[in-house]
Amino acid sequence: MNVDELVRDALREQAAELTAPGPGFAERVLAVRRRRRTRGLVSAAAALTAVIAVSVGVPMLDAGGERARPSGGVEQGEVIARADQSPPRDLLAAGEVAMAAYFTTEKVQLTEDRRVSERTYWLLDPGTEKYEKDDRWSFVAVAPGLRTAAVLERELPAGRIGLLDLASGEVKRWIPVDHKVAGLAFSPDGRKLVATTYGENPDVLHRIEDPDGSVGWQSREISPRNGFQVVDVASGAGSWVEIETSNDLFGPAGTINARQDFDFSADGRFVWAGRISLKIPLDYFDLAGNAVEPPPREAHRIWHVDAGLSPDGRRLAADFAGKSRKTSSWILDPRTGEQIAEIRGQQLLAWADDESLVAWDIGADGNEFHQRLVLVTVGSDKVVPLSGFRSPKDDTRGRWEPVFVRR
């Protein structure tokens, strides 16, 4: 086998192992995914004992805590941290965003050679400000304002979308779709949904056996994604758009992961999705399905970095840096793609305001999988713990994924 064939095989293996959960999933990494096996690691870190609650103009919750203000950023809105809770039981928030839900995943056996990666959600009850388990749904997207969620029933892909009232836990309306759906995302104003359509369940995993005899599970090589449908939330109206799926990693379009959901651009005018490509990592479409150029301030966006563009459009969250410290991330100039700041944090999840972000970061033990939520600020070394540490062990409730939404 020559060098070109070795490189091609290696890249194809990486592409085959890549998975992209929906918007808000923090385990994404550029063009490669670790095979997720149950790890024999046991968390040895003790949870922090104090609940830090920093509040401006909003009453403290029953869980109690201290008022304090992080240096820089988050001048409007409160920071409500749960440094002794993992996963959080009570409302967690920072500035303009709140954790609307979290989910865990489990590999459920279908056959001897097939499993499916299933999610279980805990949703924020806006009345009690606590997270309550709701295992009816395979996929949940929460609208800005934390009052309504769009949900899909257990069997994916699903033939209808439910609009769930988070206060009552009742589905107020069902929206039928032209083609079956497995992913959802709200527009920034909450008035539209983009539903990603699939011919088969994108979360099905197939058994693989390594040369050393160990067994793992990986996504299918060819994605069953076939298009998207933009739905008007008020009326339920919307039409399906077919989007062809490439199977050539080295072709001009690149290929995509088994699950590669669409999301809205920062201004809500377009939808986009990532792809595995060395040249063009994002596809943008108008709402009618026509391919378009990326908006100028999103041309350098990195699809697996959830935080994206800052609210004022002046900064773009980017991927892992690790230059001046073990864990840090880049902030880019959105117009040029230039690296303009290195900020604390291993993975940037959501902008709390124009200068501060919610991120995953590691503790003093240095274990890259032993993470907690923190608040970090551009130009500051201050780190405010927001949650306790999550377990490094896959497919357990201790390994939870947050869903952040603008309040």
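A residue counts as buried if its relative accessible area is under 20%, as exposed if over 50%, and as partly exposed in between (1.4 Å probe, protein chains only). The model is predicted, so local features need pLDDT of at least 70 and side-chain atom pairs count only at pLDDT 80 or more, while totals for chains, interfaces and linings use all residues. Residues are numbered from 1 along each chain as its sequence is written, and side-chain values use heavy atoms, with hydrogens and water left out.

**Exercise 1. Overall description**

State what share of the chain's residues is buried, and describe the secondary structure, surface and contacts of the chain.

Solution. 
- Step 1: The chain has 407 residues, and 55% of them count as buried.
- Step 2: Helices (H or I, at least four residues) and strands (E, at least two) are taken as DSSP runs, numbered from the N terminus.
- Step 3: With areas from the Shrake-Rupley method and a 1.4 Å probe, where for residues only the protein chains shown count as cover, the accessible surface of the chain is about 17900 Å². Carbon and sulfur atoms account for 48% of that surface.
- Step 4: A contact means heavy atoms within 4.5 Å. Of the contacts between residues at least 6 apart in sequence, 51% join residues at least 24 apart.

**Exercise 2. Nonpolar cores**

Identify the residues that touch the most other members of the largest nonpolar core, and describe the surroundings of L386.

Solution. 
- Step 1: A nonpolar core is a set of buried Ala, Val, Leu, Ile, Met, Phe, Trp, Tyr and Cys residues joined through side-chain atoms within 4.5 Å. In soluble globular proteins, nonpolar side chains tend to be buried together.
- Step 2: The largest core has 60 residues, and I161, L184, L373, L386 and F404 touch the most other members. Strand β4 (residues 97-109) supplies the largest share of this core, seven residues.
- Step 3: Leaving aside residues up to four places away in sequence, L386 touches V79, A81, R82, A83, L92, A94, V358, L373, V374 and L375.
- Step 4: A second, separate core has 20 residues, including V305, A307, A359 and V374.

**Exercise 3. Aromatic rings and charges**

Classify the ring pairs Y102 with W122 and F262 with F285, and locate the charged ends of R119 and R160.

Solution. 
- Step 1: Rings of Phe, Tyr and Trp (its six-membered ring) pair if their centres lie within 6.5 Å; planes under 30 degrees apart count as stacked, over 60 as edge-to-face and the rest as tilted. This rule gives ten aromatic pairs.
- Step 2: The pair of Y102 and W122 is stacked because the ring centres are 5.0 Å apart and the planes lie at 5°. Y102 is in strand β4 and W122 in strand β5 (residues 114-125), 20 residues apart.
- Step 3: Y102 is buried at 1% relative accessibility, and W122 is buried at 8%. Y102, W122, Y131, W360 and W400 form one aromatic cluster.
- Step 4: F262 and F285 have ring centres 6.1 Å apart and planes at 70°, so this pair is edge-to-face. F262 lies in the loop between β15 (240-242) and β16 (263-264), whereas F285 belongs to strand β18 (residues 282-286), so the pair ties together parts 23 residues apart in sequence. Both F262 and F285 are buried.
- Step 5: A charge sits over a ring if NZ of Lys or CZ of Arg is within 6 Å of the ring centre and within 35 degrees of the ring normal. The charged end of R119 sits over the ring of F103, 4.3 Å from its centre; that of R160 sits over the ring of W174, 3.7 Å from its centre.

**Exercise 4. Strand pairing around β5**

Determine which strands pair with β5 and through how many bridges.

Solution. 
- Step 1: Two strands pair if DSSP finds at least two bridges between them.
- Step 2: β4 and β5 run antiparallel and are joined by nine bridges; V108 has V116 in β5 as its bridge partner.
- Step 3: β5 and strand β6 (residues 130-134) are antiparallel with five bridges, and L124 is partnered by Y131 in β6. Their hairpin has four residues between the strands, and E129 in the turn has a positive phi of about 60°.
- Step 4: β5 also runs antiparallel to strand β12 (residues 204-209), through three bridges. Here R114 stands opposite H206 in β12.
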